[in-house]
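Trainee: Before we look at anything together, could you take me through the terms used for this protein and show what each one rests on?

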Amino acid sequence: MTRVLVVEDDPQLVRALVINLRARHYGVDAAPDGTTALRLAAAHRPDVVMLDLGLPDMDGVDVIKALRDKALRGRTPVPILVLSARTASEDKAAALDAGADDYITKPFAMDALMVRLRAAARRTEATPVPSGVTRVETDGLTVDLVARKATRDGHDVLLTATEWHLLEILITSPGRLVPQKDLLRQVWGPPHGDPAPYLRVYMAQLRRKLEADPSRPRHLITEPGTGYRFET
Ligand code: CA
């Protein structure tokens, strides 16, 4: 059973989420604040976290950072779906930059949320060995998609599930231009809202982690207005 941790201080929304999730056979924990959320996340190891940013005791972005800090020491980073009334692109970027996997603006339709939840939960399932190129070794960068291991200049690089997914799509077909909409559909599911900020944030993270000089990327190349490609 997929376990979802709902972190939300609005009791009506919690109630609606719990009813909808249980009806779809998810296991549900609910936390009304960040402190409870971190305690429950450590105790129950949820498969997905749904997180409000405006919490009574701490900012949701700090909850993301704390979860990521713990998760990266473990094996699979838990996917985090942010549910927030904050619509400014800086708020979205802050949440994604801290390690959120998806950002859903309130108010949302419950069906749409469930689609995005399924996409997030899928990302942590054991993925079949990808076909195509699965290992890259070049100028200080190694990436092994099968072992899920990346190193930069001999140091391990820790990537989130979303970052792995993006990297996998690009690396398995080196040199091929992957259109933005294809990347988005494969990683985040059906299109929603303005996709470009997601990709920009995630590609910037990948470059920061993998490129020798992130401002002049050699491997993760942007084709302005169209998409991205990986060069070995
Ligand atoms: Ca709130």
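Mentor: What follows is a set of questions about helices, sheets and single residues, each answered by setting a value against its definition.

Mentor: This is a predicted model, in which local features need pLDDT of at least 70 and side-chain atom pairs count only at pLDDT 80 or more, while totals for chains, interfaces and linings use all residues. Residues are numbered from 1 along each chain as its sequence is written, and side-chain values use heavy atoms, with hydrogens and water left out.

Trainee: How do you know that the span of helix α1 agrees with its number of residues?

Mentor: Helices (H or I, at least four residues) and strands (E, at least two) are DSSP runs numbered from the N terminus, and the expected span of a helix is 1.5 Å times one less than its number of residues. For the 13 residues of α1, residues 11–23, that gives 18 Å, and because the end C-alpha atoms are 18 Å apart, the two values agree.

Trainee: Which residues of α1 are called buried, and what puts them on the same side?

Mentor: Buried means under 20% relative accessible area, exposed means over 50%, and partly exposed lies in between, with a 1.4 Å probe and protein chains only. In α1 the buried residues are L13, V14, L17, V18 and L21. They cover an arc of only 130 degrees around the axis (the arc of the directions from the helix axis to the C-beta atoms), and therefore they lie on the same side of α1. An α-helix has 3.6 residues a turn, so residues three or four places apart point the same way. The exposed residues P11, Q12, R15 and A23 sit on the face of α1 turned away from its buried side.

Trainee: What makes D10 a cap for α1?

Mentor: A side-chain oxygen of D10 lies 3.0 Å from the backbone nitrogen of Q12, at the N-terminal end of α1. After α1 comes H25, whose phi is positive, near 65 degrees.

Trainee: What is the order of the 5 strands in the open sheet, and is the pairing parallel or antiparallel?

Mentor: Two strands pair if DSSP finds at least two bridges between them. The order is β2-β1-β3-β4-β5, and the pairing is parallel. β2 (27–31) and β5 (102–105) are called edge strands, as each pairs on one side only. From one strand to the next the twist averages 20 degrees, where axes are lines fitted to C-alpha atoms, for helices over the stretch in contact, and angles run from 0 to 180 degrees between N-to-C directions.

Mentor: As for the bridges, β1 (residues 3–7) is joined to β2 by 5 of them, with R3 opposite G27. There are 4 bridges between β3 and β4, where D52 stands opposite L83, and 4 between β4 and β5, where S84 stands opposite T105.

Trainee: What makes β4 mostly covered?

Mentor: In β4, 5 of its 5 residues are buried: I80, V82 and S84 point one way, and L81 and L83 the other way. In a regular strand the side chains alternate between the two faces of the sheet.

Trainee: Why is E163 called buried?

Mentor: Its relative accessible area is 1%, and therefore E163 counts as buried. E163 is in helix α6, where 10 of 11 residues are buried. The side chain of E163 also makes a polar contact with that of K209 at 2.8 Å, a term for a pair of N or O atoms within 3.5 Å; within protein, one must be able to donate a hydrogen and the other to accept it, and residues adjacent in sequence count only if both atoms are side-chain atoms.

Trainee: Why does L170 count as buried, and which residues does L170 touch?

Mentor: L170 has 0% relative accessibility, and so counts as buried. L170 lies in α6 (residues 161–171). Not counting residues up to four places away in sequence, L170 touches V178, L183, M203, L220, Y228, R229 and F230, contact meaning heavy atoms within 4.5 Å.

Trainee: Which strands does α6 lie across?

Mentor: α6 lies across β10, β11 and β12, running at about 70 degrees to β12. These 3 strands form an open sheet in the order β10-β12-β11, with antiparallel pairing.
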